[in-house]
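Here are some notes to read beside the model, written for someone meeting a structure of this kind for the first time. Please keep the sequence and the 3D view open while going through the points.

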Amino acid sequence: MSDVYQGEPDRGEEAMKGIELAKEVLVQEVAALVVVRDQEVLYVRHGGGLRPLFDLVQEVGQDLAGSVIADKLTGQAAARLYQEVGIVEVFAYTMSAKAREILDQAGIKYQTDRIVDKIMNRTQDDLCPMEKIAEGSTSNQEMMAKIQAFFDQVDLKKAQKLGGN
């Protein structure tokens with residue numbers, strides 16, 4: 001059972017089933033995130049960081065409205081993406097305090113096992129780059145454009161390494 005929960009105590013059987021199904025598939029598939037709507041698994045994504053969620057939002061956007069998501073980690077960038085596309089409930093093993101604040105303000109229900117002050121980068125020596133982008137963005141659209149530019153740079157560097165340049 002999750003330590004932190006926000007939302008109406010009686011969420012209704014269907015909503016409860018949806019988030020429970022998403023959590024179950026997250027574990028079974030060792031996935032990065034799982035999207036469920038109307039008791040149907042819509043998307044299962046693998047990978048690390050914000051990339052699986054960001055790519056999914058770019059691909060299907062508002063088609064995610066009304067869905068629930070189980071995710072390994074939710075920081076403020078992810079929370080703003082959930083808000084942008086109309087996610088109604090989130091489960092994350094770990095969630096930042098800022099993400100919780102965003103979800104509360106948006107009226108998005110959530111469950112999490114652990115709240116942390118900040119999401120750190122992979123080497124744990126600085127704030128996660130996606131969190132820095134989210135903090136420095138005044139709108140979700142601005143944040144998304146900055147995240148896309150960041151990923152474009154990462155992809156370029158990978159391509160250059162593979163090409164030997």
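**Notes on the strands, a helix and a pocket**

1. Strands β2 and β4 pair in the antiparallel sense over four bridges, where strands are DSSP runs of E with at least two residues and helices are runs of H or I with at least four, both numbered from the N terminus, and where two strands count as paired if DSSP finds at least two bridges between them. Within this pairing, V36 stands opposite V68 in β4.

2. This is a predicted model, in which local features need pLDDT of at least 70 and side-chain atom pairs count only at pLDDT 80 or more, while totals for chains, interfaces and linings use all residues. Residues are numbered from 1 along each chain as its sequence is written, and side-chain values use heavy atoms, with hydrogens and water left out.

3. Strand β2 (residues 33-37) also pairs with strand β3 (residues 40-45), in the antiparallel sense and over five bridges, and here V34 stands opposite V44 in β3. The hairpin of β2 and β3 has two residues between the strands, and in this hairpin D38 takes a positive phi near 50°. Four of the five residues of β2 are buried, so the strand is largely enclosed by the rest of the structure; buried means under 20% relative accessible area, exposed over 50%, and partly exposed in between, with a 1.4 Å probe and protein chains only.

4. Helix α3 (residues 76-85) is likewise largely enclosed by the rest of the structure, because eight of its 10 residues are buried. Its buried residues, among them R80, L81 and Y82, pack against α2, β4, β5, α4, α5 and α6, and the helix is followed by G86, whose phi is positive, near 85°.

5. M130 lies in helix α5 and is buried, with a relative accessible area of 6%. Leaving aside residues up to four places away in sequence, M130 touches L50, A77, I147, F150 and F151, a contact being heavy atoms within 4.5 Å.

6. What is the volume of the largest pocket? The value is about 720 Å³, taken as the space filled by probe spheres set on grid points joined across faces, edges and corners. A pocket is an open set of points on a 1 Å grid over the protein atoms alone, where a 1.4 Å probe fits, with protein on both sides within 12 Å along at least five of seven lines, and lining residues have an atom within 4 Å of a point. Of the 29 lining residues, the closest to the centre are G48, G49, L50, R122 and C128, while the largest share of the lining, four residues, comes from α6.
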